[in-house]
Amino acid sequence: PEPDFTCAPRSSSIGFAGPPEGVSQAPVKRRSAVYINVYDVHWAASPLNAFARDFGFGVFHVGLEVYGIEWSYYYQEVGRTGVLGNAPERHPFHRFRESVDLGDIVFSEDDVRAIVADLKMTWDGASYKLLSRNCISFCEDFAARLGIQRPLPAWITCLPNGFTGDGGKDPSAVEDQDCGRMPVPPVGLPGRAVGSGASR
């Protein structure tokens, strides 16, 4: 079936947490551009991330925005895709921090829909791993498929990479923790995740 691209408009504030104090949102975004939207995983993490960000790391959730939809990856039960969409900068369970411009793409909206449909098949929710197969690695894969050459900022990837092969540490002690589980809200409500009912 055709992927569900319905989501709340950017102007909607129903059910969304705004950016931390002192963090401004970009006034206008180019529709053909790709953005990595960065969130504090919880409002309580905002002070920590504000400090850690200056030192090149932090504990973040990220989603990739393209053509007005923000896509990310979460743990789900077996048989369900882990790829969900929501309104840009308006994730219902995380606090928006900032948006990073990764550049423009040449793909049409139909092309992107096809890529997302394939990602939904590839990134099943049950294969989520806290450090090695998560929202960050998903966004890296998605960006590569879109032809984006610019890597994600190091301050986003630093922490998980420090516990995986990139950092030489063994992630087995924490890999199987169910930290990626996100409550799946009903589809089609303002501010709610899109496509949560899709199957692999």
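User: Before we start, what counts as a salt bridge here?
Analyst: We're looking at a predicted model, so all of this comes from its computed atoms. A salt bridge is a side-chain nitrogen of Lys or Arg within 4 Å of a carboxyl oxygen of Asp or Glu.

User: Which residues are linked in a network of salt bridges?
Analyst: Start with E65 and K29, whose side chains meet at 2.6 Å, N to O. R90 and E89 also meet in a salt bridge, at 4.0 Å, N to O. The linked network is made up of K29, E65, E89 and R90.

User: How far apart in the chain are E65 and K29?
Analyst: E65 belongs to strand β2, while K29 is in the segment before β1. That makes the pair a link between distant parts of the chain, and the two are 36 residues apart.

User: Are K29 and E65 buried or exposed?
Analyst: The cut-off for buried is under 20% relative accessible area. E65 comes in at 3%, so E65 qualifies.

User: What about R30 and D101, are they buried or partly exposed?
Analyst: Their side chains form a salt bridge too, at 2.8 Å, N to O. R30 sits in the segment before β1 and D101 in strand β5, 71 residues apart. With R30 at 37% relative accessibility and D101 at 26%, the call for both is partly exposed.

User: How many bridges join β1 to β5?
Analyst: β1 covers residues 33–40 and runs antiparallel to β5. As landmarks, A33 has D104 as its bridge partner in β5, and V34 has G103. On the β2 side, β1 pairs over seven bridges, with V38 standing opposite V62. Between β1 and β5, the number is eight.

User: How many residues of β1 are buried?
Analyst: One side of β1 carries A33, Y35, N37 and Y39, and the other carries V34, I36, V38 and D40. Both faces are covered, with each of those residues buried. β1 is therefore largely enclosed by the rest of the structure, and the count is eight of the eight.

User: Which element gives the most residues to the largest nonpolar core?
Analyst: That core has 33 residues, and I36, V62, L64, F138, F142 and L146 touch the most other members. Elements giving two or more residues include β1, β2, α2 (109–122) and α4 (154–161). The top contributor, with six residues, is α3.

User: Which residue caps the N-terminal end of α3?
Analyst: α3 spans residues 135–145, and its buried residues include C135, I136 and F142. At the helix start, a side-chain oxygen lies 3.0 Å from the backbone nitrogen of I136. Just after the helix, G147 takes a positive phi of about 85°. The residue doing the capping is N134.

User: Leaving aside neighbours within four places in sequence, which residues does F138 contact?
Analyst: F138 is one of the buried residues of α3. S137, also in that helix, touches W123 and S132 when residues up to four places away are not counted. For F138, the contacts are W71, S72, Y73, V83, L119 and W123.

How values were computed:
Residues are numbered from 1 along each chain as its sequence is written. This is a predicted model: local features need pLDDT of at least 70, side-chain atom pairs count only at pLDDT 80 or more; totals for chains, interfaces and linings use all residues. Side-chain values use heavy atoms; hydrogens and water are left out. Buried means under 20% relative accessible area, exposed over 50%, partly exposed in between (1.4 Å probe, protein chains only). Helices (H or I, at least four residues) and strands (E, at least two) are DSSP runs, numbered from the N terminus. A polar contact is a pair of N or O atoms within 3.5 Å; within protein, one must be able to donate a hydrogen and the other to accept it, and residues adjacent in sequence count only if both atoms are side-chain atoms. Two strands pair if DSSP finds at least two bridges between them. Contact means heavy atoms within 4.5 Å. A nonpolar core is a set of buried Ala, Val, Leu, Ile, Met, Phe, Trp, Tyr and Cys residues joined through side-chain atoms within 4.5 Å.
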